[in-house]
Structures are given as C-alpha cells and as structure tokens.
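Let's take a friendly walk through this model, one region at a time. Please have the sequence and the 3D view open as you read.

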Amino acid sequence: MESATIGDATALAAAIRAGALSAGEAMEAAIASASGHAELGAVCHLDEVRGRAAATQFDAERAADPARFAARPFAGVPTLAKDLGGPFAGFPVRAGSRMLDHALDPVMDSDLAGRFRAAGLVPFGLTTSPEFGLSLSSEPARGPLCRNPLDPARTAGGSSGGAAAAVAAGMVAIAHATDAGGSIRVPAACCGLVGLKPTRGAVPGGPRFGNHLGGIAAELAVCRSVRDMAAIFEAAHGRARGPFADPADTTAPHGGLRIGVLTETGADCPTEPERSRAVEAAAKALEGRGHRIVALGWPAFAGLVSASSSIFADIVSINLAGLVETLSLDLDLAEPMTRAFVKRGRRISATALWTSLDAAVHVSHETWALFDSLDCLVMPMLASAPLPIGSFPTDHDDTDLHLRRMQAFAPLAGLANIAGFPALTLPFGADADGLPLPVQLMAPMGGDRLLLSLAASLEAEGRWRHRFSVAGLAA
C-alpha cells in the first residue's frame with residue numbers, strides 16, 4: 001500500500017541504488033533536516049564530518065563494487081543512533097546524563113552497530129533519551145527536550161523518543177532504538193511508527209552485555225514501514241553469541257491463526273474507548289483475512305502485568321546502583337529521580353533481587369501458557385494519546401509515583417520485556433487530532449517474523465499516513 005511504504009528507508013535506499021541521488025546527497029539532506037528541526041529536540045549530538053565521510057565511502061563503493069553495494073538493504077541511507085545502548089564507535093554516548101559528560105567516547109562498535117553499518121546505514125548523530133532511559137518521555141535535564149513532531153506540545157515518548165521524533169519528522173527514515181520497558185514501542189506508538197521489541201536473544205547485545213538488564217532489554221529500531229522493520233530485523237538478528245541462546249523461529253500453523261484480543265487494561269489503568277476500538281478494528285481486519293478471533297479479559301493479564309512492573313523496578317534500580325558504583329559516577333550530577341532509583345537499588349538485598357529474578361521466570365512461563373491455545377495476541381499499546389510535555393517529571397524522588405504514571409500510560413508495555421517475548425506496535429488509524437491509534441501484537445518467543453507478517457497485513461489496510469516526507473525524497 002503506497003502511503004505505508006513511500007518515504008521509508010527502503011524507498012530511499014532504492015533511490016540511491018538507482019542513482020536518483022548519491023549517499024552524499026542523502027546525507028546532506030538529512031543533516032539539513034536535522035538542523036532545520038532543532039526545535040523538536042530529537043537530536044542531542046550531530047557529527048556532520050563523520051556522517052559525510054561515511055557517505056563518501058559508500059558512494060565510492062557504489063562505483064567500485066556495485067554488486068556489494070546493491071547487496072546492502074539500506075546502502076547509503078542516513079541514520080541516527082540512540083544516546084543509550086549501542087554504542088556506535090566515535091559517537092559519545094551520555095545516556096542523557098550529566099554524570100557521563102566526561103566519559104570516554106566509544107572506540108568500537110557494538111555487535112549490533114556493526115550490523116547496522118554492514119546493512120549500509122550511515123550514522124551521523126545521536127538521538128535524545130531521558131536520563132538512563134528512566135522515563136516514557138525524553139526530557140533529560142541536560143537537554144534537549146524532545147517534542148512530538150505531530151504535536152510539539154506532546155511527548156514523543158521514551159526512552160527512544162528522540163529516535164521516534166527524528167523518523168516521524170523525516171530527518172531520517174530509520175533510527176536505532178532500545179527497549180527495556182516499552183522504550184521502542186511507546187515512542188513508535190506516540191509518533192505513528194512501527195516498533196519491534198525482538199525476542200530475547202534474537203539480536204546481539206555484545207560484546208558488552210550490561211544494557212541487557214538481566215534479559216529485559218533489547219535493541220533494534222523505529223521505522224516508517226513494516227517492510228523496513230522486516231529488513232533491519234533480518235540484517236540484525238541471529239548469531240548473538242550470548243548471553244542467551246538464539247531463539248528458534250516459531251512456525252506458524254497452516255491456515256488461519258488463533259488470535260487473542262484484549263481491549264481493556266483494567267480499572268486502575270483504563271484504556272480510552274477510541275484506542276480500544278482501534279484494537280477491535282485491527283482484530284476484525286485480521287478476522288477478515290481468515291484468522292480466528294478469541295476475546296480475552298483483563299483478569300488473564302492483571303497478575304502478569306503487576307508482577308512485571310515490580311520486577312522491572314527492581315532490575316532497573318539495582319542496575320543503576322551498580323553502574324554508579326562501578327564507574328564511580330558523581331551522583332550529585334544526576335536528576336533527582338535517577339538519584340532516587342539508585343538509592344532504591346542500594347536498598348535491595350541479594351535475597352530480594354533473587355526473588356524478583358525468580359518471579360520473572362514465572363512471568364515468562366505463565367505468558368507461554370497463554371499461547372497454548374493462541375498463536376498471537378492483539379492488545380492496546382497506549383492507554384491514551386501522547387501526553388503533554390512535562391507529564392513525567394523527574395525533578396522529584398517518588399519512584400513509585402513515577403512508575404505508576406508510566407504504567408497508566410502504557411499498561412501492557414513491560415510484559416514482553418520481563419517475559420522475553422517479541423512485541424510489535426504499529427498505527428492503525430488516527431484520532432480526531434490526527435494522532436496515531438496504535439495497536440500492539442505479541443507472539444511466542446521466536447515469533448518475530450509472524451508479528452511482521454501480521455503487521456504487514458494490518459498496514460495494508462491503509463489506516464495511517466505519514467505527515468512528513470523523508471529528507472532526500474520527494475514529498
């Protein structure tokens with residue numbers, strides 16, 4: 001369907017491959033767009049020199065070895081890395097924190113960053129993240145404050161908010177992102193994009209694995225189309241070399257799938273009716289393609305969601321406490337919320353942490369049980385439209401309040417992280433304000449391709465149109 005695929009990374013790569021523009025020209029357009037959209041606060045670090053040099057190398061490869069160039073799915077396509085995770089060599093990861101202002105710049109790529117480059121992507125900067133990814137909005141005190149290009153008064157989400165804002169605004173067509181509690185999917189949902197949190201172990205996190213946070217974190221991208229997400233998943237996944245085994249692909253049964261549909265998120269974190277109706281509409285669309293729909297109720301998920309929230313809080317808190325100690329960071333430079341999470345982590349005993357890790361195993365096992373009679377789940381991604389800037393303040397020390405606010409906004413975001421299952425979000429319509437109505441799909445471990453296939457069929461319904469064209473491509 002044209003509106004879903006025109007103006008994506010695949011289209012930009014095809015234009016470069018065909019000679020409609022060079023990698024250097026695509027890079028100049030992306031740099032100009034990033035500079036011209038500075039008010040969105042999506043980009044926290046711009047390195048034009050590094051970007052131009054890498055683009056020049058790809059143009060040289062296109063001339064000298066066109067077969068190798070053409071084999072790269074995104075050859076010459078500009079991209080941005082996230083200021084958290086990775087890293088990409090030469091780009092100064094600060095995790096949105098003043099505590100890392102004087103950290104050494106990374107001198108080598110992560111395994112994933114190397115695969116991004118091998119796919120032909122050309123990084124030229126970093127996108128804004130909240131301090132250490134601790135928020136579902138990207139408003140670090142060190143700046144910049146990231147805004148949603150669809151409505152600058154609203155959040156672009158977090159923690160990959162800068163990535164999502166950059167892609168939605170068309171600065172780049174695809175951007176690196178990470179997800180430990182919805183941090184790929186929530187920003188994608190806020191900005192009308194496709195976001196996939198891969199199966200645990202599907203995408204490499206090496207050679208340093210600290211960002212995996214005991215297995216709950218994953219890295220990939222935010223994209224403008226399902227075909228882009230499918231292509232970057234194929235380029236990035238497999239041969240992860242630990243710390244988890246490569247997941248086996250889930251084989252979809254012949255014929256129609258059994259798709260569980262959840263439209264509610266409980267009285268404590270209710271989903272707005274319009275967003276529930278989007279889930280219902282997605283279910284009907286899938287039913288029309290031969291799949292069998294099974295209605296599900298909140299009681300089947302309430303315990304799993306509650307346990308996931310508690311486990312997430314423990315793992316994130318103790319990870320931060322350990323990071324501050326290991327790197328001898330000056331906690332006085334941190335935001336109040338970060339300091340509070342560190343203090344929370346320092347109070348967690350080894351016994352309490354072990355109890356949380358054990359509980360995570362049970363969440364995974366019980367989530368598997370949902371798929372004894374189902375092949376996929378369709379559910380809400382966000383409970384409401386993107387919230388106003390300032391809805392997730394980090395200038396206080398009430399970690400429980402902060403966690404409740406995030407849970408209320410994205411009640412079902414963290415379950416996939418704790419359980420280790422793949423989950424994907426995509427827009428399935430727009431509300432009266434032109435903001436996306438996202439839905440979330442979840443499959444058993446190894447079901448990433450199944451999710452991409454179902455998402456492609458929903459995208460083909462044509463219910464969402466991107467507002468901004470990609471830099472370097474005609475509108």
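## Ground rules

This is a predicted model, in which local features need pLDDT of at least 70, side-chain atom pairs count only at pLDDT 80 or more, and totals for chains, interfaces and linings use all residues. Residues are numbered from 1 along each chain as its sequence is written, and side-chain values use heavy atoms, with hydrogens and water left out.

Helices (H or I, at least four residues) and strands (E, at least two) are DSSP runs, numbered from the N terminus.

Let's begin with strand E5, which spans residues 194–197. Val-194 and Leu-196 point one way from E5, Gly-195 and Lys-197 point the other way, and all are buried. Here, buried means under 20% relative accessible area, exposed means over 50%, and partly exposed lies in between, using a 1.4 Å probe and protein chains only. In a regular strand the side chains alternate between the two faces of the sheet.

Which strands does E5 pair with? Strand E6 (residues 218–223) is antiparallel to E5 over two bridges, and strand E10 (residues 423–430) is joined to E5 by three bridges, again antiparallel. Two strands are said to pair if DSSP finds at least two bridges between them.

E10 and E11 run antiparallel and are joined by six bridges, with Ala-430 opposite Pro-436. Five residues lie between the two strands of this hairpin, and Gly-434 there takes a positive phi near 80°. E11 is also joined to strand E9 (residues 376–380) by four bridges in the antiparallel sense, and Pro-380 stands opposite Val-439.

Next, look at helix H11 (residues 299–326) and helix H12 (residues 336–347), which pack at an angle of about 95° with their axes 7 Å apart. H11 is therefore roughly perpendicular to H12. Axes are lines fitted to C-alpha atoms, for helices over the stretch in contact, and angles run from 0 to 180 degrees between N-to-C directions. Angles under 35 degrees count as roughly parallel, over 145 as roughly antiparallel, 65 to 115 as roughly perpendicular and the rest as oblique. The contact (heavy atoms within 4.5 Å) includes Ala-313, Ser-317 and Ile-318 of H11 and Thr-338, Phe-341 and Val-342 of H12. By class, this contact has seven nonpolar, three polar and two charged residues. In this scheme, Ala, Val, Leu, Ile, Met, Phe, Trp, Tyr, Cys and Pro count as nonpolar, Asp, Glu, Lys and Arg as charged, and the others, Gly among them, as polar.

Helix H10 (residues 273–287) and helix H16 (residues 448–459) pack at about 100°, with axes 10 Å apart, so H10 and H16 are also roughly perpendicular to each other. Ala-282, Ala-285 and Leu-286 of H10 meet Leu-454, Ser-457 and Leu-458 of H16. This contact has five nonpolar, one polar and no charged residues.

Is Asp-8 buried or exposed? Asp-8 has a relative accessible area of 0%, so it is buried. Asp-8 sits in the loop between helix H1 (2–5) and helix H2 (9–18). Its side chain makes a polar contact of 2.7 Å with the side chain of Arg-227. A polar contact is a pair of N or O atoms within 3.5 Å; within protein, one must be able to donate a hydrogen and the other to accept it, and residues adjacent in sequence count only if both atoms are side-chain atoms. Not counting residues up to four places away in sequence, Asp-8 touches several others, including Ala-173, Asp-228 and Leu-473.

Thr-178, in strand E4 (residues 174–179), is buried too, at 5% relative accessible area. The side chains of Thr-178 and Lys-82 are joined by a polar contact of 2.6 Å.

## Backbone details

Most residues other than glycine have a negative phi, and most peptide bonds are trans. A cis peptide bond joins Gly-143 and Pro-144, with omega about -10°, and another cis bond joins Gly-158 and Ser-159, with omega about 5°.

Phe-132 has a positive phi near 55° and counts as buried at 13% relative accessibility. Arg-239 has a positive phi of about 50° and counts as exposed at 57%.
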